[in-house]
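I am keeping short notes on one protein chain. Each entry says what I looked up and what I found.

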Amino acid sequence: MIPVLPVVVAVVTTLAGGWALVLSVRDRPAGRQLLTLLGVLAVVEVALLVQTVAGLVALAGTDRPVHGVTFAGYLFGAVLVLPIGAWWAVTERSRWGPAVLAVACLTVPVLVLRLDQLWAGHA
């Protein structure tokens, strides 16, 4: 696994989640702000894809006591959360679109933290 990548992903998605929450609270059409936020999240998604590939490669070559199915599930879950939240945010034109994106953004750091725990051997 790439050690610094989970920290960067967690920090950026937490900040993006806060930004999406502000957009939701303002209850106005997000427009360009939402598109900028989605651009930032696209970069995070690439980082999550890199982390997934690195995690699967590391899992295949490790002798650590890591439950492979659970670890892979968290890897793929982290990759899927943001696109689903982004799709929902774009299709939902009310204030709840950015709110769903905020929830998706704040879910990613939890998944990344759990990945680190699993990799360290904590069940």
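Entry 1, order of elements. Reading from the N terminus, I find the elements of the protein chain in the order α-α-α-α. I count four helices and zero strands; both are DSSP runs numbered from the N terminus, helices being H or I of at least four residues and strands being E of at least two. I note that this is a predicted model, where local features need pLDDT of at least 70 and side-chain atom pairs count only at pLDDT 80 or more, while totals for chains, interfaces and linings use all residues. Residues are numbered from 1 along each chain as its sequence is written, and side-chain values use heavy atoms, with hydrogens and water left out.

I looked up the extent of the C-alpha trace, which is about 50 × 25 × 20 Å along its principal axes. Of the 123 residues, 42% are buried (under 20% relative accessible area with a 1.4 Å probe, protein chains only). The accessible surface is about 6900 Å², and carbon and sulfur atoms hold 73% of that (Shrake-Rupley method, 1.4 Å probe). I also checked contacts (heavy atoms within 4.5 Å). Among those between residues at least 6 apart in sequence, 74% join residues at least 24 apart.

How many residues does the largest nonpolar core have? I find 25, and those with the most contacts inside the core include Val 9, Leu 48, Leu 82 and Val 108. A nonpolar core is a set of buried Ala, Val, Leu, Ile, Met, Phe, Trp, Tyr and Cys residues joined through side-chain atoms within 4.5 Å.

I then followed Val 108. Leaving out residues up to four places away in sequence, Val 108 touches Val 9, Thr 13, Leu 48, Ala 78, Val 81 and Leu 82.

I looked up Glu 45, which is in helix H2 (residues 32-60). Is Glu 45 buried or exposed? Glu 45 is buried and has no salt bridge (a side-chain nitrogen of Lys or Arg within 4 Å of a carboxyl oxygen of Asp or Glu). The nearest side chain of opposite charge, Arg 114, is 20 Å away. Beyond residues up to four places away in sequence, Glu 45 touches Val 79, Leu 82 and Pro 83.

Key
Buried < 20%, exposed > 50% of the residue type's maximum accessible area, 1.4 Å probe, protein only. Lys, Arg positive; Asp, Glu negative; His and termini not counted.
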